[in-house]
Amino acid sequence: MDLTAGHVWMMVTAAMVLLMTPALAFFYGGMTRAKSVLNMMMMSFVALGITGVVWILWGHSMAGGGDSIGGLFGNPFTQFGMEAMLDTEDLIGAGFGATFAIITVALISGAIADRAKFGAWSIFVPVWVTLVYAPLAFWVWGGGLLSADGAIGSWAGEAIDFAGGTVVHINAGVAALVLALIIGQRKGFGRDPGQRPHNIPFVMLGAALLWFGWFGFNGGAAGSAEEAGLIWVNTLAAPSAAMLGWVVTERIRDGRPTSLGAASGVVAGLVAITPACANVSPIGAIGLGIVSGILSALAVGLKYKWGYDDSLDVVGVHLVSGLVGTLALGFIALPVEGEGGGLFYGGGFAQLGAQTVAAVVSMAFTAVMTLIIGLAIHKSIGFRVTEESESTGVDLTEHAETAYEFGGLGTSGTFVPHPATSGHLKTHTKEGANA
Amino acid sequence: MKLVTAIVRPDKLDAIRGALESYGVQGLTVSQASGYGRQRGHTEVYRGAEYTVDLLPKARVEVLVSDEWAGDIVDVLVATANTGRAGDGKVWVTAVEEAVRVRTGERGDAAL
């Protein structure tokens with residue numbers, strides 16, 4: 001088969017979406033304290049490594065490539081290893097789908113900064129992608145429960161989720177809340193001024209790269225030039241407006257607009273437009289962006305009030321703006337060829353009902369599954385590092401590295417290029433910290 | 001001999017060095033310090049949450065001088081480091097029993 005512009009577009013956009021996960025590593029890494037930035041970035045990187053393998057082996061097959069098993073998930077063996085897809089163009093779409101699975105699980109890591117065992121995270125990632133992400137992607141995009149013909153979709157109506165409001169953002173946001181509750185607060189949460197972001201330029205770099213990648217995230221599956229154009233413009237409109245919404249909220253509430261607020265507003269707007277990018281007008285996208293920017297700016301403070309340590313605000317940004325975008329479609333979805341549409345376009349309550357059901361079902365499914373997976377890991381090997389390791393910093397105790405070396409401290413000692421025995425690092429860092 | 005120690009604003013360092021040199025001081029030691037006095041710290045806001053940082057960056061200047069110079073050195077330091085605002089720092093003098101120049105082994109005032 002000849003390589004068409006459509007094929008090329010999907011491969012280019014897939015590469016753009018893949019870049020979003022390293023971008024997320026910078027976005028999150030800058031927001032942590034300096035002694036855990038490497039661990040924070042590694043949680044995103046290893047999510048890429050693990051999910052990249054899992055998706056090829058069985059993830060793609062479970063999310064839609066395989067034969068449906070009761071509308072719940074695809075048979076993981078139908079296209080195990082993508083062997084059955086050789087010599088088909090389907091590999092392009094399968095690669096595109098992999099990049100979504102990768103970023104979704106990586107998003108969750110923002111809730112457990114500074115204190116998670118890297119080994120526990122490395123177990124959580126493949127299990128969660130297999131048992132939570134792949135089934136939910138199948139329900140919404142692969143012909144499962146929430147699709148037009150699915151058990152729930154045919155009863156409540158098919159929800160609109162073009163690029164992942166439920167599958168990616170509500171899903172990751174709820175999982176983040178559950179993990180934060182299981183693992184517990186950082187030492188000094190809400191009191192220690194050392195927990196403020198250590199590198200805001202990293203955060204802004206990350207937000208910029210996320211925005212670039214998001215044009216691929218939203219636009220990769222566009223079916224026509226008209227749709228692609230609308231998606232592009234909306235992916236500009238909503239984050240721009242959300243940035244303004246966030247910083248104006250800060251200006252009024254705190255007295256000053258902040259850089260972190262601008263970067264966060266961009267991401268909130270991107271999250272909100274994700275499900276809606278192909279189904280709202282540009283003015284609708286601006287309105288959606290403003291609302292999501294304001295609501296997420298207000299929501300990030302709730303963790304201090306209610307005591308859940310969602311360290312980098314995955315809940316406040318992804319869950320809140322994911323819900324805003326998903327539910328807003330019930331009001332501002334454009335009619336398709338004169339049919340349907342949201343409440344404001346005379347489509348009645350049908351779309352709002354479908355959107356609400358899809359959001360509630362996704363939240364309930366993710367909450368229960370993540371609770372089971374998270375507790376299983378926490379009660380067996382433990383999800384949390386020791387208190388001493390947390391004070392020392394997880395970069396040193398989990399990875400035997402430090403992000404920054406300015407020559408100020410620790411310049412005396414020994415250097416061994418080829419250690420005689422393996423595991424020698426333990427005596428210096430890990431066990432020393434655990435002792 | 002006396003050790004004159006001054007905790008000052010880091011941005012006053014160049015002026016202090018210049019003033020001490022023109023007074024005739026041959027050498028001094030500078031180190032980074034952090035601390036707070038009556039001005040306390042500053043407040044940063046991230047995503048609406050306030051973080052107050054109490055320990056501010058300061059420079060510590062140490063000069064080893066003979067007894068008769070000490071009073072004047074203190075005056076020079078105070079005059080140069082002063083901005084009139086809280087956070088200008090402190091200067092104090094401590095007695096020193098012995099000093100040795102490492103290169104030559106000279107002792108006492110000769111080592112200064």
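Let me begin with a definition: a residue is called buried when its relative accessible area is under 20%, exposed when it is over 50%, and partly exposed in between, using a 1.4 Å probe and protein chains only. With a relative accessible area of 15%, A:Asn279 is therefore buried.

Before I continue, a word on the source. This is a predicted model, in which local features need pLDDT of at least 70 and side-chain atom pairs count only at pLDDT 80 or more, while totals for chains, interfaces and linings use all residues. Residues are numbered from 1 along each chain as its sequence is written, chains are lettered from A and ligands numbered from 1 in the order in which they are written, and side-chain values use heavy atoms, with hydrogens and water left out.

Let me return to A:Asn279. This residue sits in the loop between helix 9 and helix 10 of chain A; helices (H or I, at least four residues) and strands (E, at least two) are DSSP runs numbered from the N terminus. Which residues does A:Asn279 contact, leaving aside neighbours within four places in sequence? They are A:Ile160, A:Phe162, A:Leu329, A:Ile332, A:Ala333 and A:Leu334, where contact means heavy atoms within 4.5 Å.

Helix 10 of chain A spans residues 282–299 and holds A:Ile290. The relative accessible area of A:Ile290 is 37%, so the residue is partly exposed. Together with A:Ile286, A:Val291, A:Ile294, A:Leu295 and A:Leu298, A:Ile290 makes a nonpolar surface patch of about 450 Å². Patches are made of residues with over 30% relative accessible area and no salt bridge, like charges being joined within 9 Å and nonpolar side chains (Val, Leu, Ile, Met, Phe, Trp, Tyr) within 5 Å. Accessible areas come from the Shrake-Rupley method with a 1.4 Å probe, and for residues only the protein chains shown count as cover.

Is A:Trp55 buried or exposed? Its relative accessibility is 3%, which means that A:Trp55 counts as buried. Beyond its neighbours within four places in sequence, A:Trp55 has contacts that include A:Met82, A:Ala94, A:Val129 and A:Tyr133. Between A:Trp55 and A:Ala94 there are 39 residues of separation in sequence and 8.6 Å in space, C-alpha to C-alpha.

In chain B, B:Ala70 belongs to helix 2, residues 67–81. B:Ala70 is buried because its relative accessible area is 6%. Not counting residues up to four places away in sequence, B:Ala70 touches B:Lys2, B:Val4 and B:Val65. By contrast, 41 Å separates the C-alpha atoms of B:Ala70 and B:Tyr51, which are 19 residues apart along the chain.

Finally, the interface. The size of an interface is often given as the accessible area lost when the parts come together. Here about 1100 Å² is buried between chain A and chain B, with carbon and sulfur atoms giving 59%; buried area is the accessible area (1.4 Å probe) that two parts lose on being put together, summed over both. Chain A brings 20 residues to the contact and chain B nine residues.

How many salt bridges are counted between chain A and chain B? The count is two, a salt bridge being a side-chain nitrogen of Lys or Arg within 4 Å of a carboxyl oxygen of Asp or Glu. One salt bridge joins the side chains of A:Arg196 and B:Glu44 (2.9 Å, N to O). On the side of chain A that touches chain B, helix 1 (5–31), helix 8 (225–253) and helix 9 (259–276) each give two or more residues. Helix 8 of chain A has the largest share of that side, three residues.
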